[in-house]
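Have the model open beside you as we go.

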Amino acid sequence: MGETQNQTFLGLDFSTQQLKAVVVDNNLNVLHETSVQFDNDLPEFRTYGGVLQTKEEPHVTTVPTLMWVKALDMILDRLRVCGVDFSRVASISGSAQQHGTVYWSKGTRACLKKLDPEKFLHEQLVSAFSVSPAPVWMDSSTSAECKHLEEVVGGPEKLAEITGSKAYERFSGPQIAKIAKKKPEAFECTERISLVSSFAASLFLGDYAPIDWSDGSGMNLLNIRNKDWCDELLQACAPNLREKLDKPVPSDTDIGPISSYFVERFGFDENCRIVAFTGDNPSSLAGMRLNEGDVACSLGTSDTLFLWLNEPNTVTEGHVFCNPVQDDAYMALLCFKNGSLTRKRIRDSTVGHDWQLFEELLDNTPRGNFGNFALYYDAQEILPRLAGDHRYNKAGERIARYSSKEVEVRAVIEGQFVARRAHAEDFGFVIGPKTRIIATGGTSVNKTILQVLADVFNSPVYVSDNVNSAMMGAAYRAKHALFREKLKFDDILQSLPEPKLVCRPYDDAERIYGPMVQRYRQLIEQLMLTEK
Ligand SMILES: O=C(CO)[C@@H](O)[C@H](O)CF
């Protein structure tokens, strides 16, 4: 491998709707960036929003595993065509949608170790998966398995104390338990279970890659204090699970050299190192240079709020994960399933496929939306557990639709952000005079939407240089792992610009949105009773 200055680092993010990749230089400047959109570039898999969903309730939501493999084949060829010199890449890391599980068939490890560089990965891994399509984070069909896990350890609070979360339908433990129960033969033919992150790392490693502590925190299986699987929970999910998961590792672990497949097919240096992949939200935290007291807000397929924690706490709403860049620290996370796809649905139904027009309507309506308030859920929401659309007028009466498009546009944005603030405050996020909201994710390019975020949280909103913080965090982590003996993660980021201020709240923001947060709490209390 050449001297340090000439080295580059490759970061990838297997998010819900697309695979993204970036190559950065030694100062973390972007040299190349590209993506593969699952729906449009791989139409043969027939996904919508990157997933397959059954019609009948409860919607089972999955992804064809081979689609991710083929997307990797494509993106590496796109990088090659962009002129990337793979021989300069010193290390690779990545991130992926959390909680999804990949089931490797018996005998596949031998196949991974001797991939033919003359062929595409997807041609050689057609029969590599004992269970496919893979269950992913948007699935909510495992309520029975969740209940069992909580009973085994003595209730939701106890489970949250051990694993950082009470049981959630999308978490990997309940999902594995469902597969083991519903598809016992397929489960028996499984020699390894990966998360989407460690599955992607396995492709580069040419062997099964370990699950990292941070993404492993999203399984309801890992004890986030001793960083080992909780045997009681493993046994409650499925037989021989410890063997199928193997040992979890610190998220900044150098897990080995790149597979010879990539050396011979793409010209990577044989000394290129693979660094443990992690979840998209932990990777976002790594990519955002958060200060103490900052709240990160990722506006993507899911909307997530997260912040750095020095100590774990026990929560029954939201999650505590092991920190991806400091082994003895943690991170708090709140996840809202109905994010960008819901905003897109209301855009399409009011102004068509035109974000500029959507933002004009949003800009032309007053803060507080004439007293109208609404909640829109395409799929069953995580926080709160509600589904469907719920519109209310100024008098608090429930109505079927708003007469004006402007009201509907502002209602979806205000309703989402008021909900995020209410649950963040319930979780213990302190929103005060020093709070900065650091926005990221696809929607963070829309300044008018960020202005509503600033008003609802009564805090200034900043954005990082690159909206794809999970992908950037992967590249930063790839570099840090090579220097982890000498440098802290933050030392690696010194060459990066500070997040940029995009908007501040209006003076009347708190007077308008403080009461709207209370109205939200009352509405969901009623809805949780009536919508059961
Ligand atoms: O479920 C989530 C986090 O707990 C989502 O943010 C997924 O990671 C999105 F891919």
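What follows is a short tour of salt bridges, from pairs within helices to a network.

Keep in mind that you are looking at a predicted model.

Start at helix H5, which spans residues 143-153. Here Lys147 and Glu151 sit four residues apart, about one turn of the helix, and their side chains join in a salt bridge with an N to O distance of 2.8 Å. Lys147 has a relative accessibility of 52% and therefore counts as exposed, because the exposed class begins over 50%.

Move on to helix H6, residues 156-163, where Lys158 and Glu161 are three residues apart, again about one turn of the helix. These two also form a salt bridge, with 3.4 Å between the closest N and O atoms. How exposed are the partners? Glu161 is partly exposed, at 36% relative accessible area, and Lys158 is likewise partly exposed, at 34%.

Next, look at Arg347 and Asp348, which form a salt bridge whose closest N and O atoms lie 2.8 Å apart. Is Arg347 buried or exposed? Its relative accessibility is 6%, so Arg347 counts as buried, since buried means under 20%. Asp348, by contrast, is partly exposed at 28%.

Our last stop goes beyond single pairs. Arg345, Asp378, Asp389, Arg391 and Glu408 are joined through salt bridges into a network.

Methods. Residues numbered from 1 in each chain as written. Predicted model: local features only at pLDDT ≥ 70, side-chain atom pairs only at ≥ 80, totals over all residues. Heavy atoms only, no water. Salt bridge = Lys/Arg side-chain N within 4 Å of Asp/Glu carboxyl O. Helix = DSSP H or I, 4+ residues; strand = E, 2+ residues; numbered from the N terminus. Buried < 20%, exposed > 50% of the residue type's maximum accessible area, 1.4 Å probe, protein only.
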